[in-house]
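User: I have a structure to go through before the group meeting. Could you take me through it one topic at a time?

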Amino acid sequence: MLVKELTETRNEINQIDKEMAELFCRRMDCAADVIAYKKANGLPIFDGAREQAVIEKNLSYIENKDYQGYYQDFITHLMGLSKSYQRKLNNANKVGYQGVEGAFSYIASTHLFPHEDKINFPTFQEVFQGVTDGSIAYGVLPLENSATGDVNDVLDLLFQYDCHVTAIYDLAIRQNLLGLKGAKISDIQQVYSHQQAIAQSKQFLNHYDFEIIPFANTALAAKLVQETGDIHKAAIASKETAALYDLEILAENINTANDNTTRFIVLEKDLRKKGNRFNLIFTVPHKAGQLANVIQTIGQNGFNLESIKSRPMPGCAWEYYFYVEIVGDINETGAQTLLQQLNEICQTLKVVGVYEK
């Protein structure tokens with residue numbers, strides 16, 4: 001077999017790329033037509049069944065089996081871009097997070113929604129309010145950390161607001177000590193950061209006689225150090241935050257646990273239709289054995305209880321509500337039977353999440 005000259009092959013690739021660019025634009029124009037129709041008819045942007053059918057149909061066009069896996073990745077990514085563009089046209093491309101640019105919630109948001117507009121809010125509650133009133137389409141908030149536990153404020157807000165978990169994202173957390181350019185650790189007297197970041201870095205901090213000052217979040221702490229211009233101040237935050245505020249990394253990866261991970265949730269107003277996990281929040285009568293009855297019912301119906309958390313009921317001393325994550329498809333007959341049985345046992349029961357994991 002004759003081997004083509006490299007220049008000839010590259011010219012052929014350039015021509016193919018040109019044709020693909022033209023076809024990409026045509027496809028995105030069609031996506032605009034689709035969203036116009038969906039808006040006019042009140043239809044959701046995401047249609048899981050349609051998406052799977054498109055993937056399967058496109059794979060049937062690929063005769064070379066070696067290419068099929070790559071093409072599936074390609075078409076899946078292409079459809080993701082199409083949905084992102086449709087959300088933008090639908091004015092539903094706004095993503096809210098708590099904190100400022102550079103905070104870990106912002107970093108998680110950029111991974112989850114690389115093409116959408118990011119809006120920062122001072123508090124967790126304002127993110128929930130934004131999702132509820134429609135001023136943002138999505139909220140990205142921390143739910144728990146592998147080293148320091150639950151973010152209780154977010155759990156309480158899930159109990160209070162009519163918002164739903166539609167995705168879970170685990171972000172590896174690497175804390176760093178940041179100071180002004182030219183500063184050394186020996187110069188540092190005060191260290192600012194969010195309470196969780198301080199707790200995650202406790203072992204490192206115990207080696208120094210720093211004044212530890214809790215702050216609203218890690219990125220705001222870094223911003224403070226940069227704005228004061230004080231060589232004696234430092235912040236605990238991410239590498240991304242160091243770059244954002246032109247700070248120097250004085251000590252890298254100072255978190256005690258090497259597997260330090262924060263689990264973020266994506267909030268939306270409406271519940272997803274499909275997923276392999278679903279989350280419930282419920283209350284039970286304040287009597288012996290009621291919680292055990294719920295757990296037993298979940299197990300007897302063949303479902304794995306992946307996580308359970310308890311929180312004090314607002315205004316009811318020594319009474320609690322419970323948040324659980326259950327493995328399974330909520331649309332299955334067994335899941336519907338489970339929900340019916342739990343409704344009979346629980347005082348209140350709310351499905352707060354359906355998502356893929």
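**Salt bridges and burial**

Analyst: Arg277 is buried, its relative accessible area being 12%. Buried means under 20% relative accessible area, exposed over 50%, and partly exposed in between, with a 1.4 Å probe and protein chains only. Please note that this is a predicted model, in which local features need pLDDT of at least 70, side-chain atom pairs count only at pLDDT 80 or more, and totals for chains, interfaces and linings use all residues. Residues are numbered from 1 along each chain as its sequence is written, and side-chain values use heavy atoms, with hydrogens and water left out.

User: Which residue does Arg277 form a salt bridge with?

Analyst: The partner is Glu306, with the closest N and O atoms 3.0 Å apart. A salt bridge here is a side-chain nitrogen of Lys or Arg within 4 Å of a carboxyl oxygen of Asp or Glu. The pair links distant parts of the chain, 29 residues apart, with Arg277 in strand β12 and Glu306 in strand β13. Strands are DSSP runs of E with at least two residues, helices are runs of H or I with at least four, and both are numbered from the N terminus.

User: How many salt bridges does the structure hold?

Analyst: There are 11. One of them joins the side chains of Lys309 and Glu144 at 3.1 Å, N to O. Lys309 lies in strand β13 (residues 304–312) and Glu144 in strand β3 (residues 138–145), so this pair ties together parts that are 165 residues apart in sequence. Lys309 and Glu144 are both buried.

User: Where are Lys269 and Asp162?

Analyst: These two form a salt bridge, the closest N and O atoms being 3.6 Å apart. Lys269 is in the loop between β11 (261–268) and β12 (277–283), and Asp162 is in the loop between α6 (152–160) and β5 (164–172), so the bridge ties together parts that are 107 residues apart in sequence. Lys269 counts as partly exposed at 34% relative accessibility, and Asp162 counts as partly exposed at 43%.

User: Switching to helices: which residues of α2 are buried?

Analyst: They are Glu51, Val54, Ile55, Asn58 and Leu59. Down the axis of α2 they fall within an arc of 130°, so they line one face of the helix; the arc is that of the directions from the helix axis to the C-beta atoms. On the other side of α2, Ala49, Arg50 and Lys57 are exposed.

User: What is the order of the strands in the open sheet?

Analyst: The 5 strands run in the order β8-β7-β9-β6-β10, and the pairing is mixed; two strands pair if DSSP finds at least two bridges between them. The edge strands, each pairing on one side only, are β8 (211–214) and β10 (248–251). Strands β7 (residues 190–193) and β9 (residues 233–237) pair in the parallel sense over 3 bridges, and Gln190 stands opposite Lys233 in β9.

User: Which helix lies across β6, β7 and β9?

Analyst: That is α9 (residues 218–228), which runs at about 155° to β9. Axes are lines fitted to C-alpha atoms, for helices over the stretch in contact (heavy atoms within 4.5 Å), and angles run from 0 to 180 degrees between N-to-C directions.

User: Last one: what is Ser307 in contact with?

Analyst: Leaving aside neighbours within four places in sequence, Ser307 is in contact with Tyr323, Val324 and Glu325. Ser307 is found in strand β13 and counts as buried, at 15% relative accessibility.
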